[in-house]
Amino acid sequence: MAIILTEAEAKALCQKVLSYSKADECEVNILGEERGNLRYARNEVSTSGSLINQNLQVQSAFGKKVGVATIDEFSDESIEKVVRRAEELARLAPENPEYVSVLEPQTYLKSNGFFESTAGVNPAYRADAVAKSLDLTRSQNMTAAGFLENQKGYSAMMNSKGLFAYYPSTSVNFSLTVRTPDGKGSGYVAKGYSDVTKLDTAAATKIAIQKSKGSVDAKALEPGKYTVILEPTAAAVLLENIFFNFDARSADEGRSFLSKAGGKSKLNEKIVDERVHIYSDPTHPDLPASPWAGDGQAANKINWIENGVVKNLVYSRFWAQKNNVKPVPFPTNIIMAGGTASMEELIKSTQRGILVTKLWYIREVDPQTLLLTGLTRDGTFFIENGVIKHPIKNFRFNESPVIMLNNLETLGKPERVVSTETNSNYLIPPMKIREFTFSSLSDAV
């Protein structure tokens with residue numbers, strides 16, 4: 001059997017699995033994927049890898065007693081065995097008071113996240129794409145370390161009430177760090193796409209080279225509060241801490257920055273600048289995503305923050321039932337709307353500030369305020385009178401993305417970025433922020 005199943009093949013497999021079930025309710029999840037990668041360091045390819053993965057998960061329920069079993073082999077004998085195993089575990093399990101019956105069939109949006117161009121990527125393509133990057137760094141006597149990974153696959157689910165969902169997808173991620181020969185300058189770039197024809201490794205490499213050369217002989221700047229321009233790669237690792245915390249239950253139980261006294265949340269309250277608009281849309285052409293989430297709920301277009309106001313929170317089906325509201329699944333993609341300003345215009349409009357390429361080593365200090373700490377890296381520059389004057393030594397920062405979005409000055413045009421912390425892809429604009437808090441210096445390049 002092929003690793004990447006068509007919709008008809010996936011449906012037939014799910015039906016076969018369900019035909020073995022003797023439980024009150026049964027849910028089947030299957031996935032198949034093929035990945036390939038090329039890693040390089042010190043201007044030499046170090047590893048070339050490929051991965052083939054297929055998985056079949058069966059969840060069986062007798063009343064509120066639930067068991068789950070998983071296999072990676074799809075023979076009839078293996079399928080029957082995994083169904084029996086899930087049922088055996090369900091009978092042994094204590095009742096799950098939060099178990100909610102499987103969903104009825106749903107209606108899903110049409111989302112196109114599968115591109116034949118990306119599905120056709122092979123070792124020769126990866127070698128050529130990386131060679132274009134290495135030709136540039138070698139010719140300029142720079143040192144490169146990068147990673148190129150492509151993926152094609154699908155996921156599908158079916159349950160005993162007749163729900164069926166299927167979604168195929170492709171992706172390619174490219175990240176690169178370039179150092180000067182003396183190790184004193186460092187530049188970074190990361191690109192992610194569903195359609196590999198949008199990836200230009202040479203153009204991306206030129207950006208990293210430019211940043212690396214420009215960051216040599218960095219000067220120390222006094223820690224304090226500064227106007228900053230965050231490139232989308234830097235902004236994403238802060239903002240995703242907001243995205244991951246849209247959970248209603250955490251807010252209601254007092255465990256979140258969206259919590260209010262008395263077991264309430266900040267739903268329908270203004271928490272950030274009114275220009276902030278964060279939403280999900282699985283059909284977005286630049287960030288296509290699965291039109292279904294979790295247990296098969298439809299992932300629709302939804303506003304999370306609109307005009308600075310919290311418009312929706314994630315409600316699991318259990319928590320929605322408990323609170324007598326409509327369930328809202330966790331988003332399958334997240335987009336932040338922006339403005340029209342280019343990076344050049346953001347810099348030109350800044351009298352005195354700091355341009356940040358990348359933030360890393362992000363750690364949560366206080367979940368109630370979403371206070372985070374971390375470090376700048378791979379290209380941090382001082383701006384004066386609308387021009388980049390010189391590179392500066394890296395800082396440790398202490399800042400909350402919520403406070404940051406209240407100190408918003410200007411938003412640029414959104415672009416697809418890869419989080420350096422989670423590898424997730426988002427659409428995020430560059431942003432100019434006032435009074436961003438840098439707490440100490442870091443000597444690391």
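Reader: How many helices and strands are there in the protein?
Author: This is a predicted model, where local features need pLDDT of at least 70, side-chain atom pairs count only at pLDDT 80 or more, and totals for chains, interfaces and linings use all residues. Residues are numbered from 1 along each chain as its sequence is written, and side-chain values use heavy atoms, with hydrogens and water left out. Helices (H or I, at least four residues) and strands (E, at least two) are DSSP runs, numbered from the N terminus. The protein has 10 helices and 23 strands.

Reader: What radius of gyration does the protein have, and what would a compact globule have?
Author: The radius is taken over C-alpha atoms, and the globule rule is 2.2 Å times the number of residues to the power 0.38. The C-alpha atoms fill a box of roughly 70 × 60 × 35 Å along the principal axes. For 445 residues the rule gives a value near 22 Å, which agrees with the protein's 24 Å.

Reader: What share of the residues counts as buried?
Author: Buried means under 20% relative accessible area, exposed over 50%, and partly exposed in between (1.4 Å probe, protein chains only). Of the 445 residues, the buried share is 53%.

Reader: How far apart do the centres of the positive and negative side chains lie?
Author: Lys and Arg count as positive, Asp and Glu as negative; His and the chain ends are not counted. Each charge is placed at NZ of Lys, CZ of Arg, CG of Asp or CD of Glu. There are 51 positive and 51 negative side chains, and the two centres lie 3 Å apart.

Reader: What percentage of the contacts with a separation of 6 or more comes from residues 24 or more positions apart?
Author: Contact means heavy atoms within 4.5 Å. Residues 24 or more positions apart account for 73% of those contacts.

Reader: Which residues does UniProt list for the TldD/E C-terminal domain, and how far apart are the end C-alpha atoms?
Author: UniProt positions are in the numbering used here, feature names are shortened, and annotations may be inferred rather than shown by experiment. The unreviewed entry gives "domain: Metalloprotease TldD/E C-terminal" at residues 223-439. That span is 17% helix and 41% strand. Its end C-alpha atoms are separated by 5 Å.

Reader: What is the strand share of the N-terminal annotated span?
Author: UniProt places "domain: Metalloprotease TldD/E N-terminal" (unreviewed entry) at residues 27-90. The ends of residues 27-90 are 13 Å apart, C-alpha to C-alpha.

Reader: How far apart are the end C-alpha atoms of the central span, residues 127-196?
Author: The unreviewed UniProt entry annotates residues 127-196 as "domain: Metalloprotease TldD/E central". The span is 19% helix and 59% strand. Its end C-alpha atoms lie 14 Å apart.

Reader: Is Gly 185 buried or exposed?
Author: Gly 185 sits in the loop between β5 (164-179) and β6 (186-193). Beyond four places in sequence, its contacts include Ser 212, Val 216 and Val 445. Asp 378 is 193 residues away in sequence, yet the two C-alpha atoms are 7.7 Å apart. At 0% relative accessibility, Gly 185 counts as buried.

Reader: Which residues does Gly 339 touch, not counting those up to four places away in sequence?
Author: Gly 339 lies in the loop between β15 (335-336) and α9 (343-348). Its relative accessibility is 29%, so Gly 339 counts as partly exposed. The residues touched are Leu 411, Gly 412, Lys 413 and Pro 414.

Reader: What is the phi of Asn 385?
Author: Asn 385 is in the loop between β17 (371-384) and β18 (387-391). At 54% relative accessibility, Asn 385 counts as exposed. Asn 385 is not a glycine, but its phi is positive, at about 50 degrees.
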